[in-house]
Amino acid sequence: MRRAACVHAVSSPAPREWRCRPRLAVRRGPGSLRGVRVLVVEDERRLAAAVRRGLSAEGFAVDLAHNGEDGLHAAREGGYDAVVLDLMLPKISGYKVCQQLRAEQNWVPILILSAKDGEYDLADGLDLGADDYLTKPFSYVVLAARLRALLRRGAAPRPAQLQAGDLTLDPATRQVRRGGADIDLTAREFAVLEYLMRRPGQVVAKTELLEHVWDAYDSLDLNVVEVYAGYLRRKIDVPFGRNALQTVRGAGYRLAADGG
Ligand code: CA
């Protein structure tokens with residue numbers, strides 16, 4: 001059995017559903033998903049079984065875990081190309097599973113699959129390091145397409161906390177720090193910095209910032225972006241003698257990837 005080693009890696013006996021099933025050779029031809037293995041963590045067993053059937057029909061090999069604890073153990077084994085994660089789960093919530101995996105530097109792509117009115121906001125899941133989400137009810141075709149998109153991106157490090165040199169921004173706690181020092185930002189300043197820090201080293205046009213951060217492309221003057229860039233510099237750069245927020249004349253702004 002190819003994945004026999006994983007038997008020894010788990011501390012408690014693994015539920016049969018996700019225990020060392022051999023990789024399946026599935027779907028032939030262009031766009032083949034041969035050997036792509038997905039862990040589905042879902043406590044509603046009928047739904048879990050339906051998701052397995054739906055994804056299997058789309059060419060995925062699917063294993064199931066029915067609570068957060070089993071899901072976390074299985075995901076830690078590292079044999080999965082992606083994880084589909086419910087949020088409201090017995091033992092450990094999906095929210096905590098996601099947070100824990102990322103804290104352990106496990107970058108397996110995670111797609112949250114949850115009811116819109118769940119206890120936890122889906123946005124919180126994304127802030128904790130999930131890659132995408134889909135709300136129930138959903139279509140298997142869409143779920144499969146989203147998973148394929150995640151698989152194309154792969155399991156590269158995607159820390160939940162954004163970093164540029166010694167400048168860090170945590171979208172979940174809304175904390176910004178330079179070195180060891182906390183920096184207080186207003187909501188708008190935070191939003192501008194977050195947008196730039198998600199694109200380190202890239203030139204971002206003022207109009208793009210206006211459109212995404214102010215959500216009001218037509219009604220506001222571009223000067224407002226310049227004003228906020230000034231506010232930000234006085235908080236993240238000037239007190240530290242740095243130059244992270246750079247003006248690219250005639251184009252926009254760039255946040256230095258090394259923190260300036
Ligand atoms: Ca649930």
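Two residues are taken to be in contact if their C-beta atoms, placed from the backbone, lie within 7 Å. By that criterion, and setting aside residues up to four places away in sequence, Val 83 touches Leu 39, Val 41, Ala 75, Val 108 and Ile 110. The model examined here is a predicted one.

The largest nonpolar core has 37 residues, and Val 38, Val 83, Val 84 and Leu 85 are the members that touch the most others. At least two residues of this core come from each of the strands S1 (37–41), S2 (61–65), S3 (82–85) and S4 (110–115), and likewise from each of the helices H2, H3 (68–77), H4 (94–103) and H6 (140–153). In soluble globular proteins, nonpolar side chains tend to be buried together.

Of the contacts between residues at least 6 apart in sequence, 58% connect residues at least 24 apart.

How are the strands S1 to S5 arranged? They form an open sheet with parallel pairing, in the order S2-S1-S3-S4-S5. S2 and S5 (132–136) are the edge strands, each pairing on one side only. From one strand to the next, the twist averages 20°. Within this sheet, five bridges join S1 and S2 in the parallel sense, and Arg 37 has Ala 61 in S2 as its bridge partner.

Helices pack against this sheet. H2 lies across S1, S2 and S3, and runs at about 170° to S2. H6 is also packed on the sheet, where it touches S1, S3, S4 and S5; the direction of H6 makes about 170° with that of S5.

Is Leu 55 buried or exposed? Leu 55 is buried, because 22 other C-beta atoms lie within 10 Å, where the cut-off for burial is 20 or more. Beyond residues up to four places away in sequence, Leu 55 touches Val 38, Phe 60, Val 62, Tyr 140, Leu 143 and Ala 144. Leu 55 and Val 38 are 17 residues apart in sequence, with a C-alpha to C-alpha distance of 8.8 Å.

S10 and S12 run antiparallel and are joined by two bridges, with Val 203 standing opposite Arg 254 in S12. On the other pairing, S11 (residues 245–248) and S12 (residues 252–255) are antiparallel over four bridges, and Thr 247 has Tyr 253 in S12 as its bridge partner. S11 and S12 form a hairpin with three residues between the strands, in which Gly 250 adopts a positive phi near 75°.

Key: Residues numbered from 1 in each chain as written. Predicted model: local features only at pLDDT ≥ 70, side-chain atom pairs only at ≥ 80, totals over all residues. Buried ≥ 20, exposed ≤ 12 C-beta atoms within 10 Å, placed from the backbone. Pairing = 2+ DSSP bridges. Core = buried A, V, L, I, M, F, W, Y, C linked by C-beta atoms within 7 Å. Axes fitted to C-alpha atoms, helices over the stretch in contact; angles between N-to-C directions.
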